[in-house]
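Please open the structure in a viewer and keep the selection panel at hand.

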Amino acid sequence: MSRPRRMSPQARRDDLIGAALDLFGSRAPELVTVDDIVARAEVSRPLFYRYFSSLRELQVEALRTVTVGLIDGLAGLEEGPPETRLRAAVRGLVDVADHYRAGYIALLRSGSVIATSETDAAIDEVRNRAVALILDALGVEDPSPLLSLTLRCWTAVVEGALLSWLQERTVPRDLLDSWLVDQLTAMLDATAKHDEAGAFP
């Protein structure tokens, strides 16, 4: 489907970012060129440079879009008991990571040529949001150091699992969701046995 010729500056900028993210779905971000993006967006190279000073700037903005999507996926969760809310959170994270597959992989891959200090900070924001969500679901306002460590470790498990799953897909999607939640439950059970600070209500 052809794009409208006239767009507002923000809409055109968003369209170029969207074109880049579409391309990230089939190849690594560092392999996508300006020519690829302008062809997908059906615009000229001069128009591209009217909105972005460089390919690097667009790459960073596109990856920031991925992190915003991850945060938004954690924002509006269904009501209910902790397990229901946690399962919804995991589904939201996996949905966004799958939608932006190549961008997500580039965001978290060690040594990515696209990742920057800015995107690292954005990833930290996603991790912090995930931890805050779990604490809210558990009804814990003042977590102990051991509980905080547990939740940080679990976010690392989620990231590692998603990276492997997005590249290999050897595990069915529904099984991945439930396994990640069960991993957290098992980790919380282990923490409760050792946490003398009384982290749980």
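**First stop: an aromatic cluster**

Select phenylalanine 48, which has 0% relative accessibility and therefore counts as buried. The model in view is a predicted one. The rings of phenylalanine 48 and tyrosine 49 form an edge-to-face pair, with 5.0 Å from centre to centre and 85 degrees between the planes.

Phenylalanine 52 is buried, as is phenylalanine 48. With Phe48, Tyr49 and Phe52 displayed together, the ring pairs can be seen to link them into a cluster. The search of the whole structure finds two aromatic pairs.

**Second stop: the annotated span**

Now select residues 33–52, where an unreviewed UniProt entry places the feature "DNA-binding region". This span is 75% helix and 0% strand, and its end C-alpha atoms are 13 Å apart.

How many cavities of 30 Å³ or more does the structure hold? There are two. The largest cavity contains about 160 Å³ of space. To find it, select Leu93, Tyr104, Val126, Arg127 and Glu159, which are the closest to its centre of the 15 residues in its lining. Then colour helix H4 (55–73), helix H6 (101–108), helix H7 (117–138) and helix H8 (145–168), the elements that each give two or more residues to this lining. H8 provides the largest share, five residues. By class, the lining of the largest cavity comprises eleven nonpolar, two polar and two charged residues.

Move on to the second largest cavity, with a volume of about 40 Å³. Select its lining: Leu74, Leu86, Ala89, Val90, Leu93, Ala130, Leu133, Ile134 and Trp154. Helix H5 (82–99) and H7 each supply at least two of the lining residues, and H5 has the largest share, with four. Which classes make up this lining? Its residues are nine nonpolar, no polar and no charged.

**Last stop: a charge over a ring**

Finally, select tryptophan 165 and arginine 169. Arginine 169 lies over the face of tryptophan 165, 4.5 Å from the ring centre.

How values were computed: Residues are numbered from 1 along each chain as its sequence is written. This is a predicted model: local features need pLDDT of at least 70, side-chain atom pairs count only at pLDDT 80 or more; totals for chains, interfaces and linings use all residues. Side-chain values use heavy atoms; hydrogens and water are left out. UniProt positions are given in the numbering used here, feature names are shortened, and annotations may be inferred rather than shown by experiment. On a 1 Å grid over the protein atoms alone, a cavity is a set of points where a 1.4 Å probe fits but cannot get out, and a pocket is an open set with protein on both sides within 12 Å along at least five of seven lines; lining residues have an atom within 4 Å of a point. Grid points are joined across faces, edges and corners, and a volume is the space filled by probe spheres set on the points. Ala, Val, Leu, Ile, Met, Phe, Trp, Tyr, Cys and Pro count as nonpolar, Asp, Glu, Lys and Arg as charged, and the others, Gly among them, as polar. Rings of Phe, Tyr and Trp (its six-membered ring) pair if their centres lie within 6.5 Å; planes under 30 degrees apart count as stacked, over 60 as edge-to-face and the rest as tilted. Buried means under 20% relative accessible area, exposed over 50%, partly exposed in between (1.4 Å probe, protein chains only). A charge sits over a ring if NZ of Lys or CZ of Arg is within 6 Å of the ring centre and within 35 degrees of the ring normal.
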